[in-house]
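The following explanation is intended for a reader who meets this structure for the first time. Please keep the sequence and the model in view while reading.

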Protein chains: 2
Amino acid sequence: MSQYLQIPVSKARIFCEELFKAYGFSADESKTISDVLLKADLYGIESHGIMRLGRYHDEITSSQVDASAKTQIVHETLISAVIEANKSMGQLSGTEAMKLAVKKAKAAGCGMVTVRNSNHYGIARYYTELAAQEDLIGISMTNTEAICVPTFGSQAMTGTNAMALAMPSSPFIFSYDASTTVVPRGTLEVFRKNNKPLPEQWAIDENGKASTDAAAIIESIIAKTGGGIAPLGGLGVLNGGHKGYGLGVIVDLFTAVISCGLTSNHVNRKKDHTGICHYFMALDYGIFGDKKTIKDNMSKFLQELRDSKKAEGQSRIYTHGEKEAQTMEQRINGDIPVNKKTYEELKDIAAKLGVNFNLL
Amino acid sequence: MSQYLQIPVSKARIFCEELFKAYGFSADESKTISDVLLKADLYGIESHGIMRLGRYHDEITSSQVDASAKTQIVHETLISAVIEANKSMGQLSGTEAMKLAVKKAKAAGCGMVTVRNSNHYGIARYYTELAAQEDLIGISMTNTEAICVPTFGSQAMTGTNAMALAMPSSPFIFSYDASTTVVPRGTLEVFRKNNKPLPEQWAIDENGKASTDAAAIIESIIAKTGGGIAPLGGLGVLNGGHKGYGLGVIVDLFTAVISCGLTSNHVNRKKDHTGICHYFMALDYGIFGDKKTIKDNMSKFLQELRDSKKAEGQSRIYTHGEKEAQTMEQRINGDIPVNKKTYEELKDIAAKLGVNFNLL
């Protein structure tokens with residue numbers, strides 16, 4: 001029997017919007033937050049979709065998120081801005097920041113906006129694709145609480161620290177969005193649920209030894225007692241772990257260092273304040289030449305990648321964003337799959353807030 | 001007995017400059033190229049130092065490099081430029097491009113310059129550190145001939161495709177410089193020389209099977225018959241190989257797609273033309289706030305990383321650029337180690353060009 005229920009997109013959207021209004025967000029704000037969440041489900045990225053409402057509920061009710069927060073631009077030039085988010089939902093400060101970056105890019109060629117004291121903002125690609133919809137290159141990064149150990153270290157110091165980039169191209173947008181760790185924490189949770197040992201090279205325990213025990217690693221990350229996940233490239237330097245470590249530092253540079261916010265190792269250290277930081281860049285690639293020619297160059301290169309020779313046992317090479325675009329096409333006028341456990345959680349939250357629960 | 005000779009830096013510099021003048025470069029050009037090469041040796045990056053003179057000799061004498069090339073700016077805005085390198089040495093178009101990016105950053109906050117039809121430019125960090133010396137963030141990327149297979153592929157389609165970023169900080173500059181592949185081709189050459197099998201997950205052969213045979217992989221890369229090195233994260237998706245693959249594509253986007261140059265899979269397909277492309281960005285981080293505060297934020301974060309808990313058996317956590325800075329400090333007023341084979345190669349080249357050879 002399937003663990004998933006099929007929920008009409010339209011009903012999920014109405015439910016999300018009603019829920020956020022019940023927390024005190026305006027109708028417009030509720031619409032924006034819901035759009036970010038549902039896009040993840042439409043793309044097949046369950047971990048960042050409405051499954052996340054449980055964690056958001058905790059964050060809002062514990063005052064990590066302030067539903068009445070007003071953001072402020074604390075520094076600004078023609079091509080840059082720093083936004084103090086004052087504990088807003090990440091989806092709100094994130095959308096505001098990327099829209100500002102887009103406006104600057106249209107006027108001056110590029111716009112870079114960094115955001116401090118925000119919260120989890122959902123899928124990074126939501127923001128980069130906002131820029132791509134305006135025929136710009138979009139870049140976004142976010143830090144998180146520390147989950148990743150530096151090379152030769154045993155204490156989590158950098159976050160999942162995703163990097164995302166979207167570039168218009170045809171027939172699929174190029175949309176890269178990935179953590180700078182070997183895997184995000186969610187993957188460890190899947191191994192824990194299935195009671196399976198982690199692959200070697202993925203994690204190190206609080207005593208500084210390589211570990212395959214998903215449950216122990218997750219617990220020590222949450223308790224902040226040491227231990228964590230390896231950077232992209234794994235533990236040590238053999239497979240390039242120092243590269244993933246450096247990319248994670250670069251994410252903290254653009255999100256936290258530059259905005260005078262909290263680096264990952266200081267994020268989520270208080271009960272009522274996460275301090276998560278983001279970075280957004282919109283770039284008008286027309287500053288380098290004819291846009292149609294450049295976009296065609298990209299489309300041609302991506303097609304050459306897809307057409308290149310396959311590995312044994314493989315029938316298809318994907319370019320980044322292709323799978324998500326295809327999943328969305330299948331789902332957009334129909335249903336999204338929702339885990340039965342998530343469904344029960346949503347029912348509980350709806351009851352607590354007195355929101356009508358009618359998803360099926 | 002050591003395989004290395006100790007060569008005074010001053011003598012190595014004079015020799016390099018005389019050699020490039022003998023190829024027809026001006027005194028200034030020869031100085032610049034030599035400076036890039038020697039910086040690699042001073043940093044302990046032998047593969048990109050004067051060991052490379054043999055390959056440069058072949059490239060210059062086969063007309064892949066044109067010693068009399070004049071570069072042209074073919075597109076320009078306040079914050080951007082595209083340079084047609086006309087087969088110049090990469091060190092020359094690279095230095096010119098980063099200097100132009102720095103000039104634009106000082107005037108407008110940021111400068112982005114992309115270069116097409118260039119050649120190998122040495123260590124990417126040379127250029128990012130030019131920006132950092134001006135108290136700016138420097139970014140650089142370069143494509144190369146294809147050596148890396150996309151996820152689920154078996155044909156090399158992207159290059160070593162290095163990404164570099166330098167940010168001023170104290171007591172060490174933060175200077176990241178790494179390929180987006182699991183290892184560069186040079187590492188496979190070391191395994192071949194030592195007759196050792198490659199680690200699993202590093203390479204795939206021309207028949208599309210995972211391979212540990214360094215010699216066979218190198219031969220098929222050179223012959224362009226299929227096969228190649230894995231992206232950062234390895235073959236398949238288990239350890240995040242699709243992330244390294246995507247980063248490699250991003251490097252081709254900024255270097256080749258945007259400049260209307262050749263993507264990695266088309267680089268080095270002609271005897272007298274490589275078509276290598278580069279990207280340079282200089283960013284005045286003062287557009288985000290007080291520079292001293294931001295720089296102090298970075299220095300503090302890096303120190304926290306270095307001070308964090310070590311893995312079992314490890315006594316030190318490095319931040320990127322620290323090792324190179326320390327190696328340079330040891331060598332700058334003394335000697336660089338030069339492999340005896342390299343020494344003999346240099347002697348041959350000197351004889352061919354009638355350049356005085358007096359390195360010891």
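This is a predicted model: local features need pLDDT of at least 70, side-chain atom pairs count only at pLDDT 80 or more; totals for chains, interfaces and linings use all residues.

Is Ser308(B) buried or exposed? Its relative accessibility is 3%, and Ser308(B) therefore counts as buried, since the cut-off for burial is under 20%. Apart from neighbours within four places in sequence, Ser308(B) is in contact with Ile317(B) and also with Pro150(A), Gln155(A) and Met157(A).

These contacts lead to the relation between the two chains. Two copies of a chain are related by a rotation about an axis and a shift along it. Here, a rotation of 180° with 0.0 Å of shift along its axis places chain A on chain B, with an RMSD of 0.0 Å. That is the relation of a two-fold axis. The residue of chain A that comes closest to this axis is Gly233(A), whose C-alpha lies at 2.5 Å. Of the interface residues of chain A, 100% are also interface residues in chain B, so the copies meet through the same surface.

Chain A may now be considered by itself. It contains 11 helices and 12 strands, and its C-alpha trace spans about 55 × 55 × 50 Å along the principal axes. For 360 residues, a compact globule would have a radius of gyration near 21 Å; the 20 Å of chain A agrees with this. Buried residues account for 60% of the chain. Of the contacts between residues at least 6 apart in sequence, 68% join residues at least 24 apart. The accessible surface amounts to about 13600 Å², and carbon and sulfur atoms hold 50% of that area. Chain A carries 39 positive and 39 negative side chains, and the centres of the two sets are 1 Å apart.

Helix α10 illustrates burial within this chain. In residues 322–331 of chain A, Glu322(A), Glu324(A) and Thr327(A) are buried. The cover over the buried residues of α10(A) includes α2 (27–43), α5 (124–133) and α9 (291–307) of chain A.

His273(A) and Ser118(A) are 155 residues apart in sequence, yet their C-alpha atoms are 8.9 Å apart. Beyond its neighbours within four places, His273(A) is in contact with several residues, among them Lys87(A), Leu262(A) and Asn117(A).

Most residues other than glycine have a negative phi, and most peptide bonds are trans. Asn117(A), in strand β4 (residues 110–118) of chain A, has a positive phi of about 55°; with a relative accessible area of 17%, Asn117(A) is buried. Asp135(A) has a positive phi too, near 65°. This aspartate belongs to the loop between α5 and β5 (137–142) and, at 28% relative accessibility, counts as partly exposed. The peptide bond from Ser170(A) to Pro171(A) is cis, with omega near 5°, and Pro171(A) lies in the loop between β6 (162–167) and β7 (174–178). In chain B, a cis bond joins Ser170(B) and Pro171(B).

Leu360(B) is located in the segment after α11 (340–353) and, at 53% relative accessibility, counts as exposed.

Conventions:
Residues are numbered from 1 along each chain as its sequence is written. Chains are lettered from A and ligands numbered from 1 in the order in which they are written. Side-chain values use heavy atoms; hydrogens and water are left out. Helices (H or I, at least four residues) and strands (E, at least two) are DSSP runs, numbered from the N terminus. The radius of gyration is taken over C-alpha atoms; the globule rule is 2.2 Å times the number of residues to the power 0.38. Buried means under 20% relative accessible area, exposed over 50%, partly exposed in between (1.4 Å probe, protein chains only). Contact means heavy atoms within 4.5 Å. Accessible areas come from the Shrake-Rupley method with a 1.4 Å probe; for residues, only the protein chains shown count as cover. Lys and Arg count as positive and Asp and Glu as negative; His and the chain ends are not counted. The place of a charge is taken as NZ of Lys, CZ of Arg, CG of Asp or CD of Glu. Copies are superposed by least squares on the C-alpha atoms of residues with pLDDT of at least 70 in both.
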